[in-house]
Amino acid sequence: MLDFSVPVMLAIGLSFAMAAMAFWTWFYHDSKHRDLDDWIDYGFSRETLRHVLIYYRSMGISMLIFYVLFVGSCLTLQADGLNIFVDQAKTPVHAGPLSTAFFALDLVLRGGFFDIMEHFELSVTVVAMNRALRWFVWYCFVFRIYYGLTLIRIVVSFAWIWAKVYAVKRKQDANLDR
């Protein structure tokens, strides 16, 4: 039975926040991407480039905040006495801040590069989630999916916008040379 202590309630709240943010990013990002695309088409300027960079920086900051909150949440769950991590022999272990941060990084990489990480069975940590705690498996899944969806969406969008900025800048430079 799951004890609804404060760390568990915070983990549940963070799960909902990550799911809402992933949903918002996936759908709001389309309209924002179109706006950025139109700004570049309308007229390339330093101001347009500044808007593009501010948008992507804010997305990166939100991802960093969720990373820190997830690591902090895992640490408080352990401090509350929950055995959320196991080693390779499936023995419960207590992970410190660095091991927990590497565990979260492993989830991030699996979210962004899932095919490569899964196919070659790559990992950046020896700590694994305790699969006996199904709710923690789902919590990690939400974190991993949040990062996977957001990271893929932002990388593809950034590559598109950057290529478009580069093309418009080249066109402007060619017009100045005439």
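Trainee: What is the make-up by class of the lining of the largest pocket?

Mentor: The lining has 10 nonpolar, 4 polar and 7 charged residues, where nonpolar means Ala, Val, Leu, Ile, Met, Phe, Trp, Tyr, Cys and Pro, charged means Asp, Glu, Lys and Arg, and polar means the others, Gly among them. The model is predicted: local features need pLDDT of at least 70 and side-chain atom pairs 80 or more, while totals for chains, interfaces and linings use all residues. Residues are numbered from 1 along each chain as its sequence is written, and side-chain values use heavy atoms, without hydrogens and water.

Trainee: Which of the lining residues are closest to the centre of the largest pocket?

Mentor: Of the 21 lining residues, D106, R110, A128, M129 and R131 are the closest. At least two lining residues come from each of α3 (97–112), β3 and α5 (134–177); helices (H or I, at least four residues) and strands (E, at least two) are DSSP runs, numbered from the N terminus.

Trainee: Why is α2 called oblique to α3?

Mentor: The axes of α2 (residues 46–79) and α3 come within 9 Å and cross at roughly 130 degrees; axes are lines fitted to C-alpha atoms, for helices over the stretch in contact, and angles run from 0 to 180 degrees between N-to-C directions. Under 35 degrees counts as roughly parallel, over 145 as roughly antiparallel, 65 to 115 as roughly perpendicular and the rest as oblique, so α2 is oblique to α3.

Trainee: What makes β1 and β2 a pair?

Mentor: Pairing takes at least two DSSP bridges, and β1 (residues 85–86) and β2 have 2, in the antiparallel sense. V86 stands opposite P92 in β2.

Methods: On a 1 Å grid over the protein atoms alone, a cavity is a set of points where a 1.4 Å probe fits but cannot get out, and a pocket is an open set with protein on both sides within 12 Å along at least five of seven lines; lining residues have an atom within 4 Å of a point.
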